[in-house]
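Please look over the sequence and the structure shown here before reading on.

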Amino acid sequence: MDKFTNSAWFMRIVAFALAALLFISINFEMESDKKSLGLSTAPEISTETIENVPVEVYYDRENLVVSGVPETVDVTLKGAKSLLINAKNQRDFKVYVDLSDPAISMGDRTVTFKISELNEKLVATIDPEYAEVNVQERVTKEFSVEAEYNSSLLEEGYTAGQPTVSPKTVKITGAKDAIEQISYVKANLEISKGLNETVNSKATVKALDRDLNKLDVTIEPSSVAVSLKVSIPSKTVSIEPKQTGKAKDGIRITSISVDPKEVTLFGSETSLEKIDEINLPVNISKIDGDTELELDLNKPESVQKMSLGKAQVKIRTEKVDVDEENVEPVVEEEEPKTDQKQEEQVVEEKAEAEAEAEAEEDEAAAIESKTFNNIQIVPVGIRDDQDAELESDVTSITLLGEADDLKKITKDDINLTVDVSNLDEGKHDVDLAVTVPEGVEWELDSKTVSVTITQKDEET
């Protein structure tokens, strides 16, 4: 045994074993140190998908229109996890389509998505890989605008005139094929159900093909001013008093008169055609002598409204013997007059005229006024190649009517417009168009406004 342990081969084997153990120990410690420091000789590879990455398109925007390129794509990245996390958070790369070649031809083509500014250690896959796009010549053309609205939303009985648009034309820019498909250029006026007053509002302009599909084009201006005059047909008819009931014993009704004698009805033309008068029932059964009453007028169901709701009724009587009354009831037809009767009638008519004058004075005294200041004057019908400047774009207006009616009126119920559609260059005095609620009168300090029309400078 001693001989073996003292041999050279034994010493060599022991030395080799010790060296092997030392190598393994050192490498184990180095790997442990690397892991503790977060180091790795073989980094962890992973993938990450980033959705809805915006797509940029490079092309001659002044002369071309490109369609068919999706707004976003999905990008899948592969590489070291730390790089993926940074790329996902920063999104400092770009996905684009390059159509900037000046020699590019018009029409349909297939283009591949490209990516830039991405860390070179990452591999990217784009979904979809390519897009079918269309390249067209960029064209600008001028079109007339037609305003439209839903007439079924008007309140029953009301009618509307032809809407006016300002400016009357717009410039539309888009692909040549799209411009050639334009059949209608509409400005749809949004109104609410039950419309019963004039509307001045803005409306968005849309370009439509012959099947009323909206086209992808640019419109300048994108909205226009639209004015829609709303009114209701009217008809003035007589108020006819109709006596009802039986007069008391010893009382004879000699006359029944009504003031005012007429009333204005508002409603559809079809409804108004059928009405020639408004009957006012007058019950005479409780009349003891000459009487004045204020009675309600019954509004026909087919009528929207009336200019007044009440009327004053004057009843003239005379006392008679019961026997005479039975023999000669209320006289509704005139009988031949003697000189004395004619004289009595003259006196009676004079008294009635004086009473009516007093009633008119009372009615006039009941009329009140209300003044609104700084009411905006809106110009309508301005041509596209002109500018219109008002000497004053606000004014005051005084409304006259019954106190209850005036209390309900606000500035929003008053519309003042001036039509400049047919004016040439220069200064003009133009009549104001006034729209106020029914049943009131209006007064202006001046019924005209000074308007200066100038030509716009031509664009170069």
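Patches are made of residues with over 30% relative accessible area and no salt bridge, where like charges are joined within 9 Å and nonpolar side chains (Val, Leu, Ile, Met, Phe, Trp, Tyr) within 5 Å. The model is predicted, and local features need pLDDT of at least 70, side-chain atom pairs count only at pLDDT 80 or more, and totals for chains, interfaces and linings use all residues. Residues are numbered from 1 along each chain as its sequence is written, and side-chain values use heavy atoms, with hydrogens and water left out.

**Surface patch**

- Val 14, Leu 18 and Leu 21 form a nonpolar patch on the surface, and together they have about 280 Å² of accessible area, a value that comes from the Shrake-Rupley method with a 1.4 Å probe, with only the protein chains shown counting as cover for residues.
- Leu 21 has its place in helix H2 (residues 8–36), where helices (H or I, at least four residues) and strands (E, at least two) are DSSP runs numbered from the N terminus.
- Leu 21 is exposed, with a relative accessible area of 57%; buried means under 20% relative accessible area, exposed over 50%, and partly exposed in between (1.4 Å probe, protein chains only).

**The chain as a whole**

- The secondary structure of the protein chain comes to eight helices and 32 strands, and buried residues make up 32% of its 460 residues.
- The protein chain exposes about 30300 Å², of which carbon and sulfur atoms supply 47%.
- Among contacts (heavy atoms within 4.5 Å) between residues at least 6 apart in sequence, 71% join residues at least 24 apart.

**Strands E18 and E21**

- Strand E18 (residues 234–244) and E21 run parallel and are joined by seven bridges, and two strands pair if DSSP finds at least two bridges between them.
- Glu 240 has Asn 279 in E21 as its bridge partner.

**Aromatic pair**

- A search of the whole structure finds one aromatic pair; rings of Phe, Tyr and Trp (its six-membered ring) pair if their centres lie within 6.5 Å, and planes under 30 degrees apart count as stacked, over 60 as edge-to-face and the rest as tilted.
- Tyr 58 and Tyr 96 form this tilted pair, with 5.4 Å centre to centre and 35 degrees between the planes.
- Because Tyr 58 lies in strand E1 (residues 45–58) and Tyr 96 in strand E4 (residues 94–98), the pair ties together parts that are 38 residues apart in sequence.
- Tyr 58 is partly exposed at a relative accessible area of 32%, whereas Tyr 96 is buried at 16%.

**Salt bridges**

- Nine salt bridges are found in a search of the whole structure, each being a side-chain nitrogen of Lys or Arg within 4 Å of a carboxyl oxygen of Asp or Glu.
- In one of them, the side chains of Glu 48 and Lys 88 meet at 3.1 Å, N to O, and this pair links distant parts of the chain, with Glu 48 in strand E1 and Lys 88 in helix H3 (residues 81–90), 40 residues apart.
- The side chains of Glu 146 and Lys 186 also meet in a salt bridge (3.1 Å, N to O), and Glu 146, Glu 148 and Lys 186 are linked in a network of salt bridges.
- Glu 146 is partly exposed, with a relative accessible area of 43%, while Lys 186 counts as buried at 14% relative accessibility.
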